[in-house]
Amino acid sequence: MGSEVWVGTWRPHRPRGPIAALHRGPGPKYKLPPNTGYILHDPSRPRAPAFTFGSRLPLKHTSCGPGPSHLVPARMTVRGIEGAPAFSIYGRLSHTAPFRTPGPGRYFPERAGNMTHPSAPRHTMASRNWGILSKQQTPGPASYTVPSLLGPRVIGKVSAPNYSFYGRSTVGSCFEDLSKTPGPCAYHVVNPGIYKPRAPQFTMLARTSPPQDSTPKPGPASYSVDKHRKPRGWTFGIRHSDYLAPMIAHVDD
């Protein structure tokens, strides 16, 4: 054997099946969800309640009291300024209207007469004044209607049952006049198409004329058959009409 170490009967060879160690994986790309905290917690593990320490809320008022610059006067109390009443002399306002109270010379007591002195009552005999109420507005006794105490429609009273007597009806009795019964001619024959299958029906109407143009058209007399036009052509010289008579220069004797 020499200096070689005997390693047994195992020798390197091709594996019979796939081995995970021989394949490259994504590495530490995937991580397990944590078991601490509240967010992204492992759903297979129990999670305890979580609490947070919030920040202190700001106060609505930055200052709870006046500062050193707010000095209350020494004469100021809870009932106002302490001290004797003080007055000041101001000028008269210019926009104030003067008083217009009448003076003693504006009154005339001698003109009052006996109204200002005690006197006995006095009466006069005058005619009746009918102009105030020209028409009596108070309703009379005939304006009121007393409810009836008979019949079923009595207000506030219990009415007994009432009956009425009607005349004897002649319908179906021996007094019925059978001559007034409608005869066969009073009934109309019912169309069988109402209660039986009805065949299709057709009507014979007049022939409908096609829409025509109402504008005037020339008749046969408006056309001239004898007059016709030749097709357009090219000529050398002056064009003469076929219906123009030839000019006779020499006349034979």
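Two rings of Phe, Tyr or Trp are taken as a pair if their centres lie within 6.5 Å. By this criterion, the structure holds zero aromatic pairs. The model is a predicted one.

The protein chain contains one helix and two strands. Along the sequence, these elements follow the pattern β-β-α. The chain has 253 residues, of which 2% count as buried.

Aromatic rings do take part in another kind of arrangement, with charged side chains. The charged end of Arg47 sits over the ring of Tyr38. Its distance from the ring centre is 4.3 Å. A further case involves Arg111 and Phe108. Here the charged end of Arg111 lies over the Phe108 ring, 4.2 Å from the centre.

Asp42 was examined in more detail. This residue belongs to the segment before strand S1, which spans 76–77. Asp42 is buried, yet it has no salt bridge. The nearest side chain of opposite charge is that of Arg45, at 4.3 Å. A salt bridge requires a nitrogen–oxygen distance within 4 Å. The side chain of Asp42 does make a polar contact, however. The partner is the side chain of Ser44, and the distance is 3.0 Å. Beyond four places away in sequence, Asp42 touches Pro33, Pro34 and Asn35.

Taken together, Asp42 is a buried residue without a salt bridge, but with a side-chain polar contact to Ser44. The rings of Tyr38 and Phe108 each have the charged end of an arginine over them, while the structure holds zero aromatic pairs.

Conventions
Residues numbered from 1 in each chain as written. Predicted model: local features only at pLDDT ≥ 70, side-chain atom pairs only at ≥ 80, totals over all residues. Heavy atoms only, no water. Phe/Tyr/Trp six-rings, centres within 6.5 Å; stacked < 30°, edge-to-face > 60°. Lys NZ or Arg CZ within 6 Å of the ring centre and 35° of its normal. Helix = DSSP H or I, 4+ residues; strand = E, 2+ residues; numbered from the N terminus. Buried < 20%, exposed > 50% of the residue type's maximum accessible area, 1.4 Å probe, protein only. Lys, Arg positive; Asp, Glu negative; His and termini not counted. Polar contact = N/O pair within 3.5 Å; in protein donor to acceptor, adjacent residues only side chain to side chain. Contact = heavy atoms within 4.5 Å.
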